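This text leads a new reader through selected parts of one protein structure. Please keep the sequence and the 3D view at hand while reading.

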Amino acid sequence: MKVLNENLMEQILRPENLNAAWKQVQSNHGSAGIDGLSIADSKTHLKEHWGAIESKLTEGRYKPSPVRRVYIPKDKGTTRPLGIPTVQDRVIQQAVKQILEPHFDGNFSAHSYGFRPGRGAHDAIQAAQGYYIQQGKDWVVDIDLQSFFDEVNHDRLMCCIGEVIREKEVLQLLGRYLRAGVYEDGKVRPSGKGVPQGGPLSPLLANIYLDALDKELESRGLSFCRYADDCNIYVGSEKAAQRVFHSMVKWIEKTLKLPVNHDKSGYDRPWNRQFLGYQPTETGHLRPAPKQLKKFKDHVREYFSSKTSLSSNELCRIWKRYITGWCNYYKLANARYWRENLSSWIRRHIRKCFWQRWHTGASRYRRLKRLGVRPWKLAKVNLWGKAWRSSRLPSMHTALNNKTLSKYGLLTPSDFAPA
């Protein structure tokens with residue numbers, strides 16, 4: 001990889017680069033960091049103080065603020081830690097990333113898909129699909145790195161960066177971002193390792209760190225797909241899978257100094273594992289992984305619960321955004337594995353929800369009549385029936401038919417064209 005001797009800090013601080021960084025941070029609508037300044041407040045702050053900030057960056061005296069620790073829910077009641085930098089630090093990180101990324105990305109592996117320009121999860125999934133369909137590599141080694149972003153070794157990462165970047169001010173800035181610390185429960189905790197998720201630089205630093213893994217797999221002639229810390233290796237036999245699994249786990253723990261999650265890692269047939277939320281079938285089709293379908297159904301029950309405090313308009317708007325994102329992500333999945341049956345199940349939950357929202361028999365009568373159900377049909381309806389059973393009534397299907405639900409943004413997978 002070519003060593004950069006250019007004046008990188010000068011490029012980072014160019015007005016056009018900083019403006020592009022600001023627009024990107026602004027478009028992400030992120031939360032405030034430990035200084036409590038929103039994006040709007042930070043704009044005013046940066047205008048007033050940019051001269052001093054720029055001088056500190058140029059002279060190598062800039063000290064980033066600690067990141068604000070927040071936790072997002074994961075499966076089985078667990079959480080994932082995120083570190084939210086201040087808006088000011090996010091802008092600087094984004095400006096740094098925009099200059100450094102092109103120099104590193106061109107040397108990354110073709111088998112690396114996560115957080116790279118012009119690449120995404122769908123590319124990784126389709127590449128993985130090709131290994132066991134076209135090449136017949138029907139055993140997969142699935143390696144899960146335990147808390148990867150919290151375990152990155154700073155010394156090794158800085159050595160990887162230092163092989164390409166020699167400019168002292170840039171290296172100092174990157175090192176200070178790594179060691180900025182975490183603010184939690186009123187205290188700042190030093191960060192001796194890890195790359196906190198939440199900042200613009202973290203994905204690039206993660207790819208720089210894991211590039212050694214890609215190069216090792218390539219040197220062994222293995223077929224693999226890596227998306228961030230999610231890596232699947234495809235081989236042609238169980239014996240080969242067993243050998244590759246044990247040797248790669250040993251290499252990762254010794255060379256990268258990263259712990260492997262032995263409970264989640266392993267080797268098996270591809271259709272018994274999942275990759276990026278997808279699970280292949282033995283015939284080579286794709287479907288949403290059972291675990292993801294369960295999570296999706298839990299969300300449906302939550303959205304259309306009688307306990308929700310959202311207004312009908314808010315519910316329609318939020319649901320439309322969620323289902324659109326979910327269906328766009330799973331558009332590679334074969335329709336017969338999920339689209340129609342899931343859509344019918346969702347519509348029933350929606351009708352149940354509105355039956356409950358109409359509360360009383362008199363209210364249900366008025367609503368159903370307004371939605372096109374004729375009075376003689378209403379005379380046969382038990383307007384005080386249980387919600388789940390009543391959701392299947394012909395009158396509810398007439399009032400809240402598929403076309404009406406779609407009109408108000410209460411979409412289901414059937415409303416999205418298959419890939």
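K193 is partly exposed, with 46% relative accessible area. The model it belongs to is a predicted one. K193 makes a salt bridge with E151, and the closest N and O atoms of the two lie 2.9 Å apart. This pair connects distant parts of the chain: K193 lies in the loop between β5 (187-189) and α9 (202-219), E151 lies in helix α6 (residues 148-151), and 42 residues separate them. E151 has a relative accessibility of 22%. Because buried means under 20% relative accessible area and exposed means over 50%, E151 counts as partly exposed.

The structure holds 10 salt bridges. Another of them joins R220 to E216, again with 2.9 Å between the closest N and O atoms. Here the accessibility of each partner can be read off in turn. R220 is partly exposed at a relative accessible area of 35%, while E216 is buried at 19%.

A further salt bridge brings together the side chains of D298 and K294, at 3.2 Å from N to O. How are these two residues placed in helix α11? They are 4 residues apart in that helix, which spans residues 290-303, so about one helical turn separates them. K294 is exposed, with a relative accessibility of 54%, and D298 is partly exposed, with a relative accessible area of 34%. The two residues also belong to a network of salt bridges that links K294, D298 and R301.

The next part of the tour concerns strands. Strand β1 covers residues 67-73 and runs parallel to β4, to which 2 bridges join it. β1 also pairs with strand β2 (residues 79-84), this time in the antiparallel sense and over 6 bridges. R68 can be followed into both pairings. Its bridge partner in β4 is Y183, and in β2 R68 stands opposite I84. In a regular strand, side chains alternate between the two faces of the sheet.

Y183 is located in strand β4, residues 182-184, and is partly exposed, with a relative accessible area of 32%. Together with I34 and V188, Y183 makes a nonpolar surface patch of about 240 Å².

Helix α14, where R364 is found, spans residues 361-370. Leaving aside residues up to four places away in sequence, R364 touches W355, Q356, W358, H359, L383, W384 and G385. With W355 there is also a specific approach: the side chain of R364 reaches the backbone oxygen of W355 at 2.9 Å. R364 and L46 are separated by 318 residues in sequence, and their C-alpha atoms lie 55 Å apart in space.

K254 is found in helix α10, which covers residues 238-256. With a relative accessible area of 67%, K254 is exposed. From K254 to I125 the separation is 129 residues in sequence and 29 Å in space, taken from C-alpha to C-alpha.

Note on methods: Residues are numbered from 1 along each chain as its sequence is written. This is a predicted model: local features need pLDDT of at least 70, side-chain atom pairs count only at pLDDT 80 or more; totals for chains, interfaces and linings use all residues. Side-chain values use heavy atoms; hydrogens and water are left out. Buried means under 20% relative accessible area, exposed over 50%, partly exposed in between (1.4 Å probe, protein chains only). Patches are made of residues with over 30% relative accessible area and no salt bridge: like charges are joined within 9 Å, nonpolar side chains (Val, Leu, Ile, Met, Phe, Trp, Tyr) within 5 Å. Accessible areas come from the Shrake-Rupley method with a 1.4 Å probe; for residues, only the protein chains shown count as cover. A salt bridge is a side-chain nitrogen of Lys or Arg within 4 Å of a carboxyl oxygen of Asp or Glu. Two strands pair if DSSP finds at least two bridges between them. Contact means heavy atoms within 4.5 Å. A polar contact is a pair of N or O atoms within 3.5 Å; within protein, one must be able to donate a hydrogen and the other to accept it, and residues adjacent in sequence count only if both atoms are side-chain atoms.
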